[in-house]
Amino acid sequence: MNQINRNLYRVIGASSLGTLIEWYDFYIFGSLATIISSKFFPPGNPTAAFLATLATFAAGFIVRPFGALVFGRLGDLVGRKYTFLVTLVIMGGATFCIGLIPDYNSFKAAPLVVLLLRLLQGLALGGEYGGAATYVAEHSPEHRRGYFTSWIQTTATLGLFVSLAVILICQRSMSTAAFEDWGWRIPFLLSIGLVGVSVLIRMKMQESPLFSRLKAEGKTASNPLKESFGHKANLKMVLLALFGATMGQGVVWYTGQFYTQTFLLKICSLEAAQVNTWIGIALLLATPFFVIFGALSDKIGRKTIMLTGMLLAVFCYRPIFKAFHSMSDTSLKTIASSSADAGRTADDKPAVVNTIHYTDGSKLVSTQLQSADNLREIKKVVTLGDDHRWKFVGLIFVLVLFVTMVYGPIAAFLVELFPIHIRYTSMSLPYHIGNGVFGGLVPFIGTLMYEYSKTPANPGGDILAGLWYPIGIAAVCFVIGILYLTRRHSVH
C-alpha cells in the first residue's frame with residue numbers, strides 16, 4: 001500500500017469512527033424507545049406514552065435539516081474539519097445528559113428536557129454527516145468516490161449495531177428489573193467516553209485538500225446559503241436530489257433498520273433481547289454490501305443501483321412483514337403445556353401470569369390485570385423457538401440489503417451533484433430532509449397508521465397498514481428518479 005492510500009484510509013478511519021459514534025448516540029434513543037416511554041412520560045396509557053416517545057424520537061430527525069443549514073454553512077465558510085468537531089461534542093454532550101434525567105415520577109419536566117436534548121442531537125447529526133462525506137470524497141480519486149465514501153455509509157448501520165450490542169450486553173449482565181430500573185442509562189452515559197476518544201483522533205486530522213486550495217485561492221463562498229438555494233440551477237439540483245433520491249432512500253433505510261424493530265416488538269410482541277440479537281446479526285452480515293454497492297456504482301452508475309433497491313423494497317415489504325407476523329402468531333401454533341400463576345404488576349397490582357409453551361419451542365408469557373369482574377391483558381411477550389432464528393435473520397438481512405443498495409452510493413451521488421465551494425451546504429439539506437423528515441417519521445407514522453386501522457369490528461387492526469407510508473414514498477421517488485435522474489447525475 002503506497003503512502004497516498006495509507007493517508008486515505010487514515011482519513012476514512014478517523015472520519016468513520018466519529019460518524020459511527022454520532023449514529024450510536026442518535027440511535028440508542030430509538031433502540032430504547034419502549035423503556036424510555038415508561039420512564040419519561042406520564043403513566044396510565046402505554047400506547048400514548050410510546051407514541052409520544054416515537055414523536056420525540058422523530059423530532060430529532062425533523063430538525064436535522066436545520067443542523068444541515070447551520071453547520072453546512074459553517075463548513076463551507078471555515079472548513080470541514082472544525083465543523084464536524086463541534087457537532088461531535090454537541091451530540092456526545094446531549095446523549096450523556098439524557099442518561100442523567102430523573103424519571104417522570106420525580107421530575108415532571110422530564111418530557112420537555114428529553115425533547116430539548118433530542119433536538120440538540122438532531123442538529124448535531126444534521127451537521128455531521130455532510131461534513132464527513134464531503135471530507136472523505138474530497139480526499140478520494142474521482143473514479144473511486146463510490147467505493148471510498150461507502151465506508152462512511154457503513155457507519156449508520158454499524159452505529160445502530162453497536163447501540164444494540166451495548167444494550168444487549170447491559171441486558172445480559174443484569175436482571176430485567178435492574179436494567180429497566182437503571183441499567184438502560186448506561187448506553188447513554190458511555191457516550192461521553194466514546195466522543196472523547198473520537199475528538200482526540202479528529203484533532204489530528206488535516207483539512208480537506210480541495211477546500212484548503214479553494215481557501216488559499218480566496219474562492220470560498222461568501223454566502224453559501226444564498227449560492228446554494230438562491231440560484232435556480234443549483235436549487236433544481238437540490239430538489240432533484242431530494243425527490244429523486246434521498247426521499248426514497250430515507251424511507252427504505254428507516255423501514256429496514258427501525259420500523260422492522262418496532263414491528264417485531266410492538267405488533268408481533270416478540271421478546272426484546274431476541275429481536276435485538278437477530279437484527280444485530282443481520283446488520284453485521286449485510287454491512288459489507290454498503291462497500292460492494294458503493295464500488296459497483298463507480299462502474300455502472302449510482303442511479304441504477306439506488307432505484308433498483310427502491311423498487312425491490314416497494315414490492316417485497318408486504319410479503320416479508322407478513323411472514324414476520326405469521327411466524328410470531330401464537331394462534332397458529334400447537335400448545336404443549338400451560339400454567340397460570342398469581343403475580344403483581346410493576347405498580348404492585350394483583351395480576352395473573354399465564355405461561356404457554358408450544359411444540360415448536362416458542363413461549364408466550366401473558367400478564368393479565370385482575371379486577372373485580374374480569375381479567376385484562378396488559379402485557380404479552382412471545383419468545384420464539386430456535387428454529388425460527390435463521391428465517392428471521394434471513395428476512396431482516398434482505399431488508400438491510402435493500403438499505404445497502406439505496407444508501408451505499410448516495411454520498412458519492414450527492415457530492416458529485418454540487419460544486420466544492422457550496423458542497424457541504426448543498427448536499428446536507430436534501431440528505432437530511434430525505435432521511436430526517438421522510439425517513440425519520442417512518443416508525444411514528446407507521447405505528448400511527450396501524451393504531452388507526454383498529455376498529456370495533458377489527459380490534460387487532462391491519463398489521464401491514466404502517467407499510468403504506470414507506471411504500472408510497474419509495475414508489476414516488478422511484479418514478480421521479482427514473483424520469484429525471486440522468487447518467488450524468490449518477491456517474492461523475
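Is Asn276 buried or exposed? Asn276 is buried, at a relative accessible area of 3%. Buried means under 20%, exposed over 50%, and partly exposed in between, with a 1.4 Å probe and protein chains only.

A word on the source. This is a predicted model, where local features need pLDDT of at least 70, side-chain atom pairs count only at pLDDT 80 or more, and totals for chains, interfaces and linings use all residues. Residues are numbered from 1 along each chain as its sequence is written, and side-chain values use heavy atoms, with hydrogens and water left out.

Back to Asn276. Its place is in helix H14, residues 272-286. Helices are DSSP runs of H or I, at least four residues; strands are runs of E, at least two; both are numbered from the N terminus. Leaving aside residues up to four places away in sequence, Asn276 touches Leu164, Ile167, Leu168, Gln171 and Gln261. Contact means heavy atoms within 4.5 Å.

Now the whole chain. The protein chain has 22 helices and 4 strands. Of its 492 residues, 57% are buried. Take contacts with a separation of 6 or more: 79% of them join residues 24 or more positions apart. The C-alpha atoms fill a box of roughly 80 × 45 × 45 Å along the principal axes.

Last, helix H17, residues 389-407. At 1.5 Å a residue, its 19 residues should span 27 Å. That expected span is 1.5 Å times one less than the number of residues. The end C-alpha atoms are 26 Å apart, which agrees. Among the buried residues of H17 are Phe392, Ile396, Leu399 and Tyr407.
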